[in-house]
Amino acid sequence: QVQLVESGGGLVQAGGSLRLSCAASGRTFSDYDMGWFRRAPGKARITIATINWSGSNIYYEDSVKGRFTISRDNAKNTVYLQMNSLRPEDTAIYYCAARTRGTAPFTSWGQGTQVTVSS
């Protein structure tokens, strides 16, 4: 399996921005579709955004459309989540995950990074 390490979380005021990164190692990065997920306190984990191996197919959850951007750099083995116009309800632990391209479900997970948005 591919190993994943997230970074870039932190505390930000509402309206601010953060950029999360997820570095992959151990396998050929372009063999994997990637996704960002989050788990808010007391809530189930949800899918925030996914990107296929080439970057040609992207999905966003409705609440983040127009505010968040997922991207990947296969040369750097990294997937990113640019988060703008952050809201207190975006507070959560954010996880990146990988799945062998064209398959489901996501099978490799990072340890998560905390994002806290203050009002």
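User: Which strands form the open sheet, and in what order?
Analyst: Four strands make up that open sheet, running β1-β3-β8-β7, and the pairing is antiparallel. Keep in mind that this is a predicted model.

User: OK. Which strands sit at the edges?
Analyst: β1 (3-7) and β7 (68-73) are the edge strands, and each of them pairs on one side only.

User: And by how many degrees are neighbours turned against each other?
Analyst: On average, neighbouring strands of this sheet are turned by 15° against each other, with direction ignored.

User: How many bridges hold β1 and β3 together?
Analyst: Five bridges, in the antiparallel sense, with β3 covering residues 18-25. For a spot to look at in that pairing, Q3 stands opposite S25 in β3.

User: Switching to aromatics. How many pairs turn up in the whole structure?
Analyst: The search finds two aromatic pairs. One is F37 with F106: the ring centres are 5.1 Å apart and the planes are at 75°, so this pair is edge-to-face.

User: Where do those two residues lie?
Analyst: F37 is in strand β4 (residues 32-39), while F106 is in the loop between β9 (92-100) and β10 (108-109), so the contact ties together parts that are 69 residues apart in sequence.

User: Buried or exposed, F37 and F106?
Analyst: Both F37 and F106 are buried.

User: What about the pair F37 and W109?
Analyst: Their ring centres are 4.7 Å apart and the planes are at 55°. Edge-to-face needs over 60 degrees and stacked needs under 30, so F37 and W109 count as tilted.

User: How many residues apart in sequence are the parts that this pair ties together?
Analyst: 72 residues apart, because F37 lies in strand β4 and W109 in strand β10.

User: So F37 is in both pairs. What's its relative accessibility, and what about W109?
Analyst: F37 has 6% relative accessibility, and the limit for buried is under 20%, so F37 counts as buried. W109 has a relative accessible area of 29%, so W109 is partly exposed.

User: Which residues form the aromatic cluster, then?
Analyst: F37, F106 and W109 form one aromatic cluster.

User: Now charges. Which charged end sits over the ring of F37?
Analyst: That's R45: its charged end sits over the F37 ring, 6.0 Å from the ring centre.

User: And which ring face does R72 lie over?
Analyst: R72 lies over the face of F29, at 4.3 Å from the ring centre.

Conventions: Residues numbered from 1 in each chain as written. Predicted model: local features only at pLDDT ≥ 70, side-chain atom pairs only at ≥ 80, totals over all residues. Heavy atoms only, no water. Pairing = 2+ DSSP bridges. Axes fitted to C-alpha atoms, helices over the stretch in contact; angles between N-to-C directions. Phe/Tyr/Trp six-rings, centres within 6.5 Å; stacked < 30°, edge-to-face > 60°. Buried < 20%, exposed > 50% of the residue type's maximum accessible area, 1.4 Å probe, protein only. Lys NZ or Arg CZ within 6 Å of the ring centre and 35° of its normal.
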